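Try each task before reading its solution.

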Amino acid sequence: MNSTRSNRTPPVILSAVVLFTAMLHGQEGQSYMTPPKAIEQLVSAPPTPAMMLSPSKEKALLMERPAMSGIDELSQPELRIAGLRINPATNGRSRRSHYIALTLRPVMGGKEVKVSGLPANPKISNISWSPDGKYLAFTVTSMDEITLWIANTKRGRAKQVMKSHLNAAYGAPFRWLSDSEGIVALTVPEGRGGAPEESRVPGGPVVQENIGGVAPARTYQDLLASPHDEALFGHHLTSQIVHVTVKGKVTKIGKPAIYGRAEPSPSGQMLLVETIHRPYSYLVPVYRFPRLVEVWDLSGKVVHTAT
């Protein structure tokens with residue numbers, strides 16, 4: 001009697017193949033699903049608005065917050081360097097909270113004014129009253145940029161005041177001057193180009209030294225770890241200081257550098273400027289990097305250097 005070998009697949013293996021194929025087909029064309037209506041209403045209920053009083057305490061700004069972060073925000077890229085978490089697409093901080101609408105309300109009663117003229121589905125941050133209370137300045141973040149906007153608090157009409165994109169990766173991206181007619185802002189330098197790409201061939205070793213002593217040291221997250229990280233740090237944190245009026249006239253102040261602060265004096269005639277310099281540390285975050293503190297006038301001339 002001759003024995004023959006069967007070509008049929010054993011039943012157990014065949015069942016596994018069918019199950020795996022069904023799983024693959026089940027994943028095709030899938031999209032995000034919504035929960036039952038009762039759960040959706042519970043989760044998407046609007047939070048209580050935040051409030052900010054005007055300098056004269058005569059008006060209140062109501063700032064509406066979104067119920068949840070959208071998938072478009074959660075899926076944005078994130079760069080972790082020098083103790084910072086940056087969105088390289090917008091050149092701002094990643095995962096930052098924002099507002100979706102602004103309303104002006106007189107404290108003693110009267111007609112509310114909703115801030116208008118904004119783009120659809122705005123992500124509003126860095127809101128600041130002008131010293132005289134006549135204007136609001138704030139940033140609007142899109143998928144690939146952060147722009148500066150000003151709204152007249154009487155009519156509530158908002159407008160983008162300059163084409164340049166703000167650099168909000170570190171520190172305050174703008175500050176009001178004391179006359180309420182202008183703002184000092186940090187912008188992305190013109191013609192900056194794309195972010196530096198990492199070389200496949202290392203230029204040299206990463207060397208760290210100590211003096212042989214034993215001492216306790218803090219640990220930090222998201223530090224620089226390579227020359228490529230240093231290049232990314234310089235690319236994303238380099239800014240151009242500008243003076244922009246409420247009417248949109250823009251004047252450059254100084255040259256592009258890595259600025260930790262550009263703060264106007266009470267008189268509005270001077271700037272306190274901090275610049276960050278090498279050597280960059282791989283052991284501590286950016287706020288402990290070497291700094292030079294100077295006083296400038298509004299033309300960018302150095303008036304005094306702190307020693």
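The exercises below cover a sheet, a helix and the cavities.

This is a predicted model: local features need pLDDT of at least 70, side-chain atom pairs count only at pLDDT 80 or more, and totals for chains, interfaces and linings use all residues. Residues are numbered from 1 along each chain as its sequence is written, and side-chain values use heavy atoms, without hydrogens and water.

**Exercise 1.** Find the order of the four strands in the open sheet.

Solution. Strands here are DSSP runs (E, at least two residues), numbered from the N terminus. Pairing needs at least two DSSP bridges between two strands. The order is E1-E2-E6-E7, with antiparallel pairing. E1 (50-53) and E7 (113-114) are the edge strands, each pairing on one side only. Next, take E1 and E2 (residues 59-64): four bridges join them. Alanine 50 is opposite methionine 63 in E2.

**Exercise 2.** Decide how many residues of helix H4 are buried.

Solution. Helices are DSSP runs of H or I, at least four residues. Buried means under 20% relative accessible area with a 1.4 Å probe, protein chains only. H4 (residues 227-237) has nine of its 11 residues buried. Among them are His228, Phe233 and Leu237. The cover includes strands E3 (79-81), E4 (84-87), E14 (238-245) and E15 (250-264).

**Exercise 3.** Identify the residues nearest the centre of the largest cavity.

Solution. A cavity is a set of points on a 1 Å grid over the protein atoms alone where a 1.4 Å probe fits but cannot get out; lining residues have an atom within 4 Å of a point. The largest cavity has 22 lining residues, and Asn87, Thr90, Arg93, Arg96 and Thr141 lie nearest its centre.

Terms used: Buried means under 20% relative accessible area, exposed over 50%, partly exposed in between (1.4 Å probe, protein chains only). Contact means heavy atoms within 4.5 Å. On a 1 Å grid over the protein atoms alone, a cavity is a set of points where a 1.4 Å probe fits but cannot get out, and a pocket is an open set with protein on both sides within 12 Å along at least five of seven lines; lining residues have an atom within 4 Å of a point.
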